[in-house]
Amino acid sequence: MPVSKETLALFRTVRTSDVTDALDSMGLQERYEMDPALRPLYPGICFASLAHTMEYDISVDKLMAMSYEAM
Amino acid sequence: MAFDERQYKPGPEGLWHEAGPYGAPDEVLVIDAKRTRAGILGSNNTLMARTKGTVGFIIDGTCRDSWECIVQKTPLFCSVRSPAHPMGRLQVISDNRPIVCAGVPVNPGDVIIADDDGVVVVPQEIADEVARRASLIQAKDRPQRRRGYELLGLPLDETVE
């Protein structure tokens with residue numbers, strides 16, 4: 001069920017700590033917090049919105065030496 | 001063919017293309033890149049995505065041109081910083097499908113909330129109840145903090161108003 005505008009607006013007023021406390025109160029601890037290796041580029045970034053997901057995986061392709069500009 | 005042309009040429013000869021379009025109103029791009037050193041997100045494409053409405057970027061992988069991203073205030077969380085280009089290092093697996101990012105399952109349309117403490121995913125099925133409870137929790141906390149500000153004579157800011 002898509003998230004409503006009203007619910008999203010509420011998420012934009014709270015902290016991640018409010019959200020994890022809420023999840024704890026629902027018996028859902030330790031499930032939804034991403035690995036703390038994910039850090040903001042600079043302090044003070046905050047946002048709440050809806051995910052568009054993408055997945056990539058390792059590939060090993062040889063990059064051949066060539067001229068940079070088209071001849 | 002020159003290196004620059006081949007880099008982005010569509011089709012089997014091209015060595016890099018993005019999984020899908022970057023940039024849509026109100027989206028958070030959430031990318032599982034296996035914590036690799038290959039800069040899928042950089043200063044240019046995050047800027048263009050923001051012009052189309054993207055409000056945040058989460059990547060378990062690399063942000064490159066990170067100083068420019070900071071200067072242009074890109075709202076981005078990453079696990080790796082590296083100058084490396086993704087060409088020759090990464091391949092596309094999926095666009096807008098269920099993934100696992102940094103240990104948490106994420107479905108398209110789930111709520112992503114992020115601040116200095118980290119990133120939390122809220123599945124859409126429970127979003128209404130989580131939002132309701134989170135608001136109640138903050139509503140108790142904020143007046144207490146405001147009293148502390150007043151006792152210390154601190155100027156009020158948006159976290160206590």
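## Exercises on the contact between chains A and B

In this predicted model, chain B brings 93 residues to the contact and chain A brings 60 residues.

**Exercise 1.** State how much area chain B and chain A bury between them, and which residues of chain B lose the most area to chain A.

*Solution.*
Step 1. The area buried between chain B and chain A comes to about 6900 Å².
Step 2. Carbon and sulfur atoms account for 61% of that area.
Step 3. On the side of chain B, the residues that lose the most area to chain A are B:F3, B:I113 and B:D116. Together they make up 9% of what that side buries.

**Exercise 2.** Describe how helix 2 of chain A packs with helix 4 of chain B.

*Solution.*
Step 1. Two packed helices are described by the angle between their axes and the distance between the axes.
Step 2. For helix 2 (residues 16–25) of chain A and helix 4 of chain B, the angle is about 115 degrees and the axes are 8 Å apart.
Step 3. The crossing of these two helices is right-handed.
Step 4. Helix 2 of chain A makes the contact through A:D18, A:V19, A:D21, A:A22, A:L23 and A:S25, and helix 4 of chain B through B:V130, B:R133, B:A134, B:I137 and B:Q138.
Step 5. By class, the residues of this contact are six nonpolar, two polar and three charged.

**Exercise 3.** Find the volume of the largest pocket and say what lines the pocket.

*Solution.*
Step 1. The largest pocket holds about 490 Å³ of space.
Step 2. Its lining has 22 residues, and A:V14, A:R15, A:C46, B:D115 and B:T159 lie nearest the centre.
Step 3. At least two lining residues each come from strand 2 (47–58) of chain A, and from strand 7 (111–115) and helix 4 (127–152) of chain B.
Step 4. Helix 4 of chain B gives the most, with four residues.
Step 5. Sorted by class, the lining has eight nonpolar, five polar and nine charged residues.

Methods. Residues are numbered from 1 along each chain as its sequence is written. Chains are lettered from A and ligands numbered from 1 in the order in which they are written. This is a predicted model: local features need pLDDT of at least 70, side-chain atom pairs count only at pLDDT 80 or more; totals for chains, interfaces and linings use all residues. Side-chain values use heavy atoms; hydrogens and water are left out. On a 1 Å grid over the protein atoms alone, a cavity is a set of points where a 1.4 Å probe fits but cannot get out, and a pocket is an open set with protein on both sides within 12 Å along at least five of seven lines; lining residues have an atom within 4 Å of a point. Grid points are joined across faces, edges and corners, and a volume is the space filled by probe spheres set on the points. Ala, Val, Leu, Ile, Met, Phe, Trp, Tyr, Cys and Pro count as nonpolar, Asp, Glu, Lys and Arg as charged, and the others, Gly among them, as polar. Axes are lines fitted to C-alpha atoms, for helices over the stretch in contact, and angles run from 0 to 180 degrees between N-to-C directions. A crossing is left-handed if the near helix is turned anticlockwise from the far one by less than a right angle, and right-handed if clockwise. Contact means heavy atoms within 4.5 Å. Buried area is the accessible area (1.4 Å probe) that two parts lose on being put together, summed over both.
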